[in-house]
Amino acid sequence: DDSMLRAPAVPSLRVQVVLWNTALDQVWRLMWGLVAAGQRATQEGLISSIEIAFGDCSETALPAGDIQDLKEHGIRAGLAELAYEHFDQNLGHAGGQNRLAGGCAADMLILINPDTYPNPTMIMELAKALRDPRTGIAEARQIPFEHPKAYDPGTGETSWASGCCLAIPRRVFEQVDGFSSAYFPMHCDDVDLSWRVKAAGYRLVHVPAATVFHHKPLEISGYPATSPAEVYHSTLGRMMLCVRYANPQLLRETIEYVEGHGSEE
């Protein structure tokens, strides 16, 4: 398929963020970080424009005046557009990202969590990685804690990419029909997306130079704390992966572990 081997010389970029009870100052911080990273990538000729789309799953929408302030400051600083949509329901990460991507015309998407802050060169490095038409997803490196998964130190190839911060050509996202929100409203939606992109013939690459700070509360042990909701949805997501990709043995092992050692969640 020739379309797999073509990528825009200088792609336009849309950054999508799904909010859930996100503090306004955190939204401002992320916007300014993305503006700075977008300016650098634009100066280097790696993207032609950048727009930001916020989708809000919270019960209460951000005040209209604050949204207007964000938009005016962002566009004045170089954004092509800043959009905000209150979903009026909790679509989850997968459903929220799918909704935001519907009808999008940008060549490249960056999907990023709201509790992050990008390095000024993050967008530049992700855009570089996607210049290779064989690459379907380029994943940023999370600091100070990376996911405990392997990647090839030479090629960057990895088995899946984290939805905390990943870049994907819009045509690839549409080719695989985006996230499977019916199966994975929260955790493991990124694993499923990664596997379907790989099955479509593309590479998944981890980009160590594209760093993003991901805020994680810590336990006294120094390890990231996990909320009850995270425990619940990550375990459910693991079992749904086993069902969808036909691994009954791993499903049984997971259920046995949960029954023997699991929490109330």
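Student: Which are the buried residues of helix 1, and what makes a residue buried?

Tutor: They are Val27, Leu30, Met31, Gly33, Leu34, Val35, Ala37, Gly38 and Ala41. Buried means under 20% relative accessible area, with exposed over 50% and partly exposed in between (1.4 Å probe, protein chains only). Helices are DSSP runs (H or I, at least four residues), numbered from the N terminus. The model is predicted: local features need pLDDT of at least 70 and side-chain atom pairs 80 or more, while totals for chains, interfaces and linings use all residues. Residues are numbered from 1 along each chain as its sequence is written, and side-chain values use heavy atoms, without hydrogens or water.

Student: Why is a space called a cavity or a pocket?

Tutor: On a 1 Å grid over the protein atoms alone, a 1.4 Å probe fits in a cavity but cannot get out, whereas a pocket is an open set with protein on both sides within 12 Å along at least five of seven lines. The largest pocket holds about 1500 Å³, counted as space filled by probe spheres on grid points joined across faces, edges and corners. Of its 45 lining residues (an atom within 4 Å of a point), Asn113, His187, His214, Lys216 and Glu230 are closest to its centre.

Student: Which helix gives the most to that lining?

Tutor: Helix 7, with 4 residues.

How values were computed. Helix = DSSP H or I, 4+ residues; strand = E, 2+ residues; numbered from the N terminus.
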